Amino acid sequence: MLFPIVGNVYDKTFRYNGTAYPMGQHGFARDCDFEVVSHTDDEVWMRLCSNDETRAKFPADFCLEIGYRLHGKSVDVMWRVTNPSATENLHFQIGAHPAFYWPTHPEGDARGYFAFDAEGTLTSRHLIGKGCVDPEGTFPVELDAEGMYPLAADTFDDFDTIILEGGQTHRVTLCDVERRPLLTVHFEHPVVGLWSPPGRRAPFVCIEPWYGRCDRYGFEGEFKDRDWAQHLAPAEVFNSKYTIEIA
């Protein structure tokens, strides 16, 4: 769970209503204890609400809930963010970081494919320093005739992360070297990150739906003006989900 930011803030500092605060990569929610609020045989919900400890890191009040629902060969991952304030808007980003086991690939560079519900060429952001994207630079992600992008041992060595933003795709399938689907992530999020540790031939790959991403390099503006920031008026609720489907 990535909250209240996705990725990095420039120089590890963000500004909220004119005050600067330090913040590490992907925020703090993943390091917090959540309270279990309900559970059944196939569904569980957990909650994290703002408190003195979170306010020292992020000044806004919030209630963050995450749920998991099993059905067939799929799991829905559900998010609910509530702004409990009666007077203040809540600005935040939220994202997922699911990693999928990828067995030791055979000798050679081929590992398999990413398949998309898109055609032609997608456009990814460049990371250029401090975990932030180039405000201008992008690179093409060229798909083959079947809407697939080859996944090799060195795919992430040059650019670290494939960042597809602007709703270019809402379905990513991980396929083996024979192009057979292994699993699919379905989402409506405006941004998705694809990642595996560069240069390490790690036995996993991540497909990460995001409402947000890292800062543009050099960005020193207000938190509310970060790219893909989400905004809730007092008492408003944000709901979203993504689904992991096993083939």
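1. A residue counts as buried when its relative accessible area is under 20%. The structure discussed here is a predicted model. By that cut-off C175 is buried, because its relative accessible area is 2%. C132 is likewise buried, with a value of 0%.

2. No disulfide is found in a search of the whole structure.

3. One cavity of 30 Å³ or more is present. The volume of the largest cavity is about 50 Å³. Its lining includes R111, D157, R200 and R201, together with residues such as F156 and P197. By class, this lining comprises five nonpolar, two polar and four charged residues.

4. The largest pocket has a volume of about 260 Å³. Among its 14 lining residues, Q25, H26, D160, T161 and W195 lie nearest the centre. Strands β14 (161–165) and β18 (204–211) each contribute at least two lining residues. The lining divides into five nonpolar, seven polar and two charged residues.

5. For the second largest pocket the volume is about 160 Å³. It is lined by 13 residues, with M1, I66, Y68, V77 and Y242 closest to its centre. At least two lining residues come from each of β5 (63–71), β6 (74–82) and β20 (237–246), and β6 gives the most, with three. This lining has 12 nonpolar residues, one polar residue and no charged residue.

Conventions: Residues are numbered from 1 along each chain as its sequence is written. This is a predicted model: local features need pLDDT of at least 70, side-chain atom pairs count only at pLDDT 80 or more; totals for chains, interfaces and linings use all residues. Side-chain values use heavy atoms; hydrogens and water are left out. A disulfide is a pair of cysteine sulfur atoms within 2.5 Å. Buried means under 20% relative accessible area, exposed over 50%, partly exposed in between (1.4 Å probe, protein chains only). On a 1 Å grid over the protein atoms alone, a cavity is a set of points where a 1.4 Å probe fits but cannot get out, and a pocket is an open set with protein on both sides within 12 Å along at least five of seven lines; lining residues have an atom within 4 Å of a point. Grid points are joined across faces, edges and corners, and a volume is the space filled by probe spheres set on the points. Ala, Val, Leu, Ile, Met, Phe, Trp, Tyr, Cys and Pro count as nonpolar, Asp, Glu, Lys and Arg as charged, and the others, Gly among them, as polar. Helices (H or I, at least four residues) and strands (E, at least two) are DSSP runs, numbered from the N terminus.
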